[in-house]
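Work through the exercises below with the model open. Each task is followed by a solution in steps.

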Amino acid sequence: MRSSHLSDIRVNAGQIQRPRGTTVSTQAYTHYIVTRKLFENPYQFDPHRWANPTKAMKDAFMHALWPWPKSPPARFLLEIPTVHVSTREGLSGEEWRNWIMYFLMSPKVSSSGIIRPSIGVRKSSETEFMSSDEDFEVEAPDLAEDDPMRSFLPASFGKKSKEANIAAQIDRSRRAVDHSAATTATEVKRLTENNLGVNSSPSDGADSDGDSDDSDDSDDSDDSDDYPVSHELVLKTHSRAVTTLSLDPAGGRLLTASLDCKVNLHDFASMTPSTLRAFKTVDPSETKRSAATAESHPIHHVEFNPLSGGAFLCIAALPQARIMSRDGQILTEFVKGDMYLRDMNNTKGHISEIATGAWHPTDKNLCVTAGTDSTLRIWDINNKRSQKEVVVFKSKAAGSAGRTKMTAVAWGTPSRGGNNVLVSAALDGSLVMYGGNGPFARPAGEIRDAHQPQTWTSGIDISSDGRMVVTRGGDDLIKLWDTRKFTKPLVSVSHKSTSDHYPTSNIRYSPNSTSIITGSETGHLHILNPGNLRPEHITPVTPGSALITVNWHPKINQIVTGSANAEAHVLYSPTKSSRGAVEVMFRAPKKRHIDDDPGRTMDQGIGLSGDSIMTPGAMTGPRKSGVTRTGRSKDPRRPHIPQQTPFQKNQPDEKHLAENIPLARMLHEDPREALLKYADKAQNDPIFTKAWSKTQPKTQYADLSDDDEDGPDKKKAKR
């Protein structure tokens with residue numbers, strides 16, 4: 001018999017120390033019967049004998065985990081009478097049974113299913129032999145809880161399948177809202193009730209203070225369960241404040257726009273918990289990257305068509321609105337009006353910046369834009385040369401010359417049918433309402449000083465039944481209006497405004513108009529009662545950073561927010577929401593590749609300096625990052641600044657440049673010294689006047705004495 005093993009050694013692996021005499025094996029022992037009947041020249045190394053082995057040769061060859069006594073090979077060895085245990089290690093015939101085996105790695109399961117070793121440490125003397133058909137139990141390792149050996153013991157054998165732990169992913173996305181935030185909501189609710197003069201219920205007394213506190217805590221927990229705000233998905237894809245966002249009607253694609261002049265397109269179907277990024281970024285104002293006149297402008301408003309998810313309205317800080325496809329291509333760019341015309345009714349488009357816009361609630365081909373030229377313009381997306389209707393608002397404010405800026409617009413229709421309504425707010429504090437189907441010559445209702453004049457009313461929305469209108473003004477007030485009695489507000493509550501810094505701060509109704517949501521300057525999401533505007537639930541989203549824009553999608557029941565810290569948050573509930581962020585978190589994370597880590601990869605165009613790379617025989621000029629083939633900057637808004645890299649710190653090969661570029665040395669020479677070194681040569685051997693050096697007459701000068709140094713006599717002056 002032959003076996004391969006390590007002799008007597010001592011194991012020192014970190015904190016793990018095993019006594020002297022421990023055998024460490026790296027593979028199973030190979031045993032075969034040496035006989036000349038089966039093998040020709042058995043002691044000679046000849047791998048070719050196993051090219052076509054006989055059945056007897058196969059039966060004589062086996063693997064075993066020596067010295068595992070419960071395995072069939074070990075039993076087979078004991079049945080051979082001439083086999084004896086080697087005494088080279090100083091063991092007798094019975095002491096080998098008490099050997100202890102330490103498994104540091106998982107032994108692979110045999111294809112025959114006979115050998116089934118398990119993890120642990122056990123003594124062989126405690127077991128008996130059994131047939132291969134019987135099952136056997138494996139004792140747990142007799143190790144202490146703090147034994148370092150436990151870190152080396154695997155949990156199971158065989159191939160490990162890495163499946164996504166969906167419950168853990170969902171739990172990691174749970175929002176960590178402390179109790180102080182809930183109590184803040186309760187305190188604000190109480191203060192609001194006191195300010196509104198709401199009488200407390202009869203049960204509020206000295207005897208029921210403790211009960212009221214408990215009920216408040218339970219109410220806060222119940223409120224958080226009623227709204228899809230228990231979990232969140234954070235998208236960090238912008239570099240500046242997120243000013244507007246929109247979801248398509250199906251809830252599968254998200255648009256976010258920012259002050260960085262970019263619109264990011266996110267697809268929930270392609271995102272995983274480890275790849276939360278936009279699949280495309282577009283700049284609507286950048287028509288041609290290499291054009292010297294190309295400009296970029298902040299995005300004021302983006303909104304998907306509620307009746308057709310194939311297009312969205314994009315409004316930047318320009319007089320021209322754009323209709324773009326869901327993939328970011330510009331489909332329609334409306335015309336700009338003539339700024340020299342005084343009468344706005346004769347212009348074909350806006351003559352100044354557009355503030356916001358909205359889609360028609362029932363016609364997918366119509367949209368409205370509100371501009372700073374005191375007009376509302378209704379457009380047909382199939383006709384970009386002129387608006388369909390122009391609504392000129394004539395301000396009655398003193399000194400305004402009949403003009404003001406339209407700051408917000410909403411176009412709503414009753415869910416049960418009926419005439420739609422068009423409501424807009426102006427900078428002079430007015431709130432004007434028109435019939436959605438026209439005529440637009442005169443407003444159906446107008447409220448002067450609805451909000452404080454010269455404050456930006458940024459948020460306006462219409463309820464699903466078309467009866468109520470809510471506005472959020474720059475005078476730190478939220479007001480509720482009734483379209484049937486469009487004269488004075490029904491309810492008015494105080495709410496700090498952020499429109500002075502972020503003019504796109506909005507306020508929105510929930511899908512069924514059972515709640516009103518808006519942001520705050522402290523980064524909290526406020527969910528208000530639609531009847532009295534009291535806060536029903538307040539939760540922090542981006543504490544310390546203003547919450548600018550909010551949106552509650554009706555189909556997937558998820559709230560999307562955009563903040564001043566360039567983050568977009570998708571709030572959801574695993575039980576109440578569907579698709580969207582829930583679908584992302586139920587998806588297995590994408591396996592990380594080294595190319596997915598931007599810290600470990602480098603763009604060859606940016607990381608390598610063109611000045612440090614010399615191509616032999618070609619000095620056509622290196623291709624620098626950030627420039628086009630013509631040498632112009634890809635970003636015409638600012639001059640191109642090459643990115644500083646370790647390669648760019650090196651100086652180019654001056655010898656190579658001097659040898660290959662004509663007159664390259666002149667770049668480092670003083671021009672005066674370069675000319676003076678030819679002065680003697682030019683005088684001794686002139687190039688241009690050498691032909692006349694012998695033909696020119698000798699120069700003669702007049703001889704003057706010392707007395708004549710003063711020159712000739714001056715003419716006498718006339719008397």
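**Exercise 1.** Decide whether Tyr-227 is buried or exposed in this predicted model.

Solution. The relative accessibility of Tyr-227 is 9%. Buried means under 20% relative accessible area. Tyr-227 therefore counts as buried.

**Exercise 2.** Find the aromatic partner of Tyr-227, classify the geometry of the pair and state which parts of the chain the pair ties together.

Solution. Step one: the partner is Trp-552, at 6.5 Å centre to centre. Step two: the planes are 70° apart, and angles over 60 degrees count as edge-to-face, so the pair is edge-to-face. Step three: Trp-552 has a relative accessible area of 9% and is buried. Step four: Tyr-227 sits in the loop between helix H5 (209-226) and S5, while Trp-552 belongs to strand S30, so the contact links parts 325 residues apart in sequence.

**Exercise 3.** Classify the pair of Trp-481 and Phe-486.

Solution. The ring centres of Trp-481 and Phe-486 are 6.4 Å apart, with 50° between the planes. In total, the structure holds five aromatic pairs.

**Exercise 4.** Describe the sheet that contains S30.

Solution. First, read the order: S5-S32-S31-S30, an open sheet of four strands with antiparallel pairing. Next, identify the edges: strand S5 (231-235) and strand S30 (547-553) each pair on one side only. The twist from one strand to the next averages 20°. Finally, take S30 with strand S31 (residues 558-563): six bridges join them in the antiparallel sense. Asn-551 is opposite Val-560 in S31.

Terms used: Residues are numbered from 1 along each chain as its sequence is written. This is a predicted model: local features need pLDDT of at least 70, side-chain atom pairs count only at pLDDT 80 or more; totals for chains, interfaces and linings use all residues. Side-chain values use heavy atoms; hydrogens and water are left out. Two strands pair if DSSP finds at least two bridges between them. Helices (H or I, at least four residues) and strands (E, at least two) are DSSP runs, numbered from the N terminus. Axes are lines fitted to C-alpha atoms, for helices over the stretch in contact, and angles run from 0 to 180 degrees between N-to-C directions. Rings of Phe, Tyr and Trp (its six-membered ring) pair if their centres lie within 6.5 Å; planes under 30 degrees apart count as stacked, over 60 as edge-to-face and the rest as tilted. Buried means under 20% relative accessible area, exposed over 50%, partly exposed in between (1.4 Å probe, protein chains only).
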